[in-house]
Structures are given as structure tokens and as C-alpha cells.
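User: Hi! I'm new to protein structures and would like to learn how to read one feature by feature. Could you walk me through this one?

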Amino acid sequence: MTIQALKGFKDILPDEVALWQHIEATARNIFQRFGFNEIRVPILEKTELFARSIGEATDIVEKEMYSFSDRNGDSITMRPEGTAPVLRSFIEHGLQAKLPVQRLYTIGPMFRHERPQKGRLRQFHQMSVEVLGLNHPRLDAELIAMAWLILEELGLTTSLQINSLGCPACRPAYKDALVQFLAARTEHICEDCQRRSQSNPLRVLDCKSSHCQEQYVTAPAILDHLCPDCDEHFKQTRASLDLLAVPYTVNPFMVRGLDYYTRTTFELVTDALGAQSAVGAGGRYDGLVEQLGGAKSMPGIGFAMGMERLVLLLSQQNADACPDTETDLFVAALGEEAAVAAFPVVHLLRRKGLQVAMDLEGKSLKSQMKQADRAKARFVLILGEEELATGQAILRDMASKEQRQIPMVGPQEALCAVLIEAVAPDRNN
Ligand SMILES: [Zn+2]
Ligand SMILES: [Zn+2]
């Protein structure tokens, strides 16, 4: 029996990779424009890191993490999200002292043992950013606008929802109000919500059951419970978004699945992928650095975008975003002598920056022309016994079918210059 990939783990095959690279390149370029530096952190971390940051009572920590004892008996976890590892690294290396590194981004795989369903992978990929040390609402708006710009430059349409989750000063009173509201409706909500109303009441608002959602229409809203500071911060965040002309709707029932969020939270949602889903989301986490043992009063904010969903959206909405890669030149050498002559020329052309393919085995002309088609070669250079004898190879333009002769005598450097002039004159230097 052949061995297959694990359930929830997916190969990214060569024909999809162009989309991935296009998304990553677009995002990296924008991150740089906004002053972000890349950081790469390990996939394995101590389990404690996630329990302390994401929260013991969250779905992720309760039942979705890939946690196991390593050979020393230490409990380690494959990172289920990117913020905690980046913050751990930030604190461990004292990066706050090393300006200007408080704007960080990272791209890589995350792991969650979720119930297998369409579009939910157990290894998924995120591009995420974190900004540390600043709590001004203009930063919240700047970050949201950057996420918006990534989607705009990718040619994707989504809608933006924002909310404020308050702070340790105002959230407890809201939680109490919500718990009271839920207690009066215990029989009308699902088992999950009943359980969560004890352990993590805000999360009930995320319940997928339409039955539960009918109940929650009249639930107390966090925005009515914000303290004056949080209220002002949210007002200024919205005003700053208005200044940048980023359109948004306020969704007072949007909560995030992680405990560490405070104040501004946001989601970029689309309904183009079946049920409404977020392609990017994030928010402020002002107490998290301190919670992880770092500096007091080191506010933070970040967001993550899901690569798989972006790839899906892009292939639906903007499939032409990345054209197929072409080969500049396919060298069809016929016979051993021609192959020996062509082999070093191909290498030299590649050194000079051309994308060149060659059949190494000396197959028939027909077979080699097929290979040239598959490689989407723009030109084919045909070099057989006859061409060797006359010192003139044939260069065929695959689009126009025009043919011309290329002299095959003289030093290889000169030969390459002639070929590059014919195939890609913009790259001749
Ligand atoms: Zn507050
Ligand atoms: Zn429910």
C-alpha cells in the first residue's frame, strides 16, 4: 500500500506554488513599506507558552494543540499561532532595546488538531505581524489599513469588521452582564454555549448555531460597557480609519478565539468561500508581554492572514494575478556531438540569467519539441548534425513560428550574446 499524507495535512503542489509566492511577495513588499522586519521563530515551543498566552479555557488550548512529551519528558507544542512565539522571542532577546525592531512579521506554518472539514487544515499557513510598544489608536488604524492594502494589491474584495473588547478595567463588568443574560436562557442555548457561559462567556457570541444566534440578538454589547479610556480609544481608531478612507462596519458581537485580546479587534471577512469566513484577523493585546514575563506597560497589536484562504480567493477572484512561468529558450540538441556542444552553452546562458531548458538524453526532435511546449518555451534552438556541419543552428520563435539562423561557431561568450540578443534583448548587457 502506498503511504499518504496525514489527514488535514496538504501538499502544496508546483502548479499552486506560483500563487503562494505571489501572495508572499506582495505582502513582504508591503510589510517593508510599513517598516516591518522579518523574524523567524521555531515551530516547537514549551506548551506553557500557549497555555499562558492564548488561555487555558480556549478551544485551541483545550483540545486543538499538537502537544506531546519529547524524549526528555518535557511538554512541547507545535505552535498553533504566531503571536506567542514572536513575543517570547521579543522578550527573550530584549528586542525592545534594539530600535527599530518593534515592527515584526513572520510567515510560516501553524498546527491545530481541528475536526477535519472543508477548508480546515491541521497544518495551515499564516502571514502575521506584531507591533510592540505603542498604544496610540492611529497605530490600530495603520495596521488595519496595511492589511486592507495587501488585499487591495492582491485584487481581492473583502469586508472589514471592527470591534473593541475593552480592557481589564471594563471587561469584567461586561462579562458579568453577559453571564447573567446567558443564565436566564440556559434551556435555549446549545451545550457548547452552556459550558462556555461558565468557562469563557464571550466565546458564546461566536456560536455557529442559528438557534443560539437568535437568542444573542438581544445580548448585552461590549461597546455599551467600555470604560471612558477604551471608548475614546475606539472612537479615535474609527476616526483614523476614516482619515485613511478604509471602509468598515462595527460588529459589537465579534469576539476572537484567544483570551489575550484587548480593545481593537478586527476581521477581514468574505462570503466567497462558502460560509462567511475570515481571511485575516487580529487585534490589540496590551497585557500579553507582561503576562509572558516581559516589560510592564508594553502594549502590542497584531494580525494574521490565512494563506490557504488567500490562495483560494485569489484563484477565484483574480486567477490572472500570476501568469504561468515561461522558459526563455529550449535547446534541442540532436545527437551526442550536438549535445556536447550545447551543454556548456546552456549553462552559460543560465549564468547570464536566462531560463533555459535542454533535454539531457538526446531524444528525438519530435519528443524534444513536445518538451519545449510543456516548458512553455518562447524559443527553441535546434542543433543537429546538419547544423553542426554548417555552423548554423536554427532558432524558432514558438509564437510566430518564424525561424532564423544563429551562427554556432566562435567563442561561447559571443555565441551567448547573439542568443540573448535574439531571445531576450532586454537582458543583454
Ligand atoms: Zn476599558
Ligand atoms: Zn451555541
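User: Which residue is the bridge partner of Leu 329 in strand 14?

Analyst: Let's begin with the general idea: strands of a sheet pair through backbone hydrogen bonds, either parallel or antiparallel. In this predicted model, the partner of Leu 329 is Phe 379. That bridge belongs to the pairing of strand 12 (residues 327-333) with strand 14 (residues 377-383), which is parallel and has six bridges.

User: In what order do the strands of that sheet lie?

Analyst: The order is 13-12-14-15-16, an open sheet of five strands with mixed pairing. Strand 13 (356-358) and strand 16 (403-407) are at the edges with a single partner strand each, so one side of each has no neighbour in the sheet. From one strand to the next, the twist averages 25 degrees.

User: Which helices lie across strand 12?

Analyst: Helix 12 (residues 336-351) lies across strands 12, 13 and 14, at about 165 degrees to strand 12. Helix 13 (residues 365-374) lies across strand 12 and strand 14, and its angle to strand 12 is about 170 degrees. Lys 376 is partly exposed, as 15 other C-beta atoms lie within 10 Å.

User: What is the strand order in the sheet of eight strands?

Analyst: That open sheet reads 1-5-6-11-10-9-7-8, and its pairing is mixed. Its edges are strand 1 and strand 8 (249-250); each has a single partner strand, so one side of each is left without a neighbour in the sheet.

User: Where is the pairing parallel and where antiparallel?

Analyst: Follow the sheet from strand 1. Strand 1 (residues 37-38) pairs with strand 5 (residues 103-111) in the parallel sense over two bridges, and Glu 38 stands opposite Tyr 105. Strand 5 then pairs with strand 6 (residues 123-132) in the antiparallel sense, over nine bridges; here Leu 104 stands opposite Glu 130. Strand 6 is also antiparallel to strand 11 (residues 300-306), over seven bridges, and the partner of Leu 132 in strand 11 is Gly 300.

User: Which strands do helix 5 and helix 9 lie across?

Analyst: Helix 5 lies across strand 6, strand 7 (159-164), strand 9 (262-270), strand 10 (277-284) and strand 11, running at about 15 degrees to strand 11. Helix 9 (residues 228-243) lies across strand 7 and strand 9, at about 35 degrees to strand 9.

User: Which residues have the most contacts inside the largest nonpolar core?

Analyst: They are Ile 144, Ala 147, Leu 268 and Leu 310, in a core of 72 residues. Helix 5 (residues 137-154) gives the most to this core, with nine residues. A second, separate core has 29 residues, including Ala 332, Val 356, Ala 357 and Leu 383. To see contacts around one residue, take Leu 310: leaving aside neighbours within four places in sequence, Leu 310 touches Ile 23, Leu 154, Val 279 and Met 305.

User: Is Ser 297 buried or exposed?

Analyst: Ser 297 has 10, so it counts as exposed. Ser 297 sits in the loop between helix 10 (288-291) and strand 11, and has a positive phi of about 45 degrees although it is not a glycine. Glu 214, with 11 C-beta neighbours inside 10 Å, also counts as exposed; Glu 214 is in helix 8 (residues 210-216). Across the protein, buried residues make up 37% of the 429 residues.

User: How far apart are the centres of domain 1 and domain 2?

Analyst: Their centres, taken over C-alpha atoms, are 47 Å apart. Domain 1 covers 14-159 + 247-320, and domain 2 covers 327-423. For the overall form, the C-alpha trace spans about 95 × 55 × 45 Å along its principal axes. The radius of gyration is 28 Å, whereas a compact globule of 429 residues would have one near 22 Å.

Conventions
Residues numbered from 1 in each chain as written. Chains lettered and ligands numbered in written order. Predicted model: local features only at pLDDT ≥ 70, side-chain atom pairs only at ≥ 80, totals over all residues. Domains from an automatic or database assignment. Rg over C-alpha atoms; globule rule 2.2 N^0.38 Å. Buried ≥ 20, exposed ≤ 12 C-beta atoms within 10 Å, placed from the backbone. Core = buried A, V, L, I, M, F, W, Y, C linked by C-beta atoms within 7 Å. Helix = DSSP H or I, 4+ residues; strand = E, 2+ residues; numbered from the N terminus. Contact = placed C-beta atoms within 7 Å. Pairing = 2+ DSSP bridges. Axes fitted to C-alpha atoms, helices over the stretch in contact; angles between N-to-C directions.
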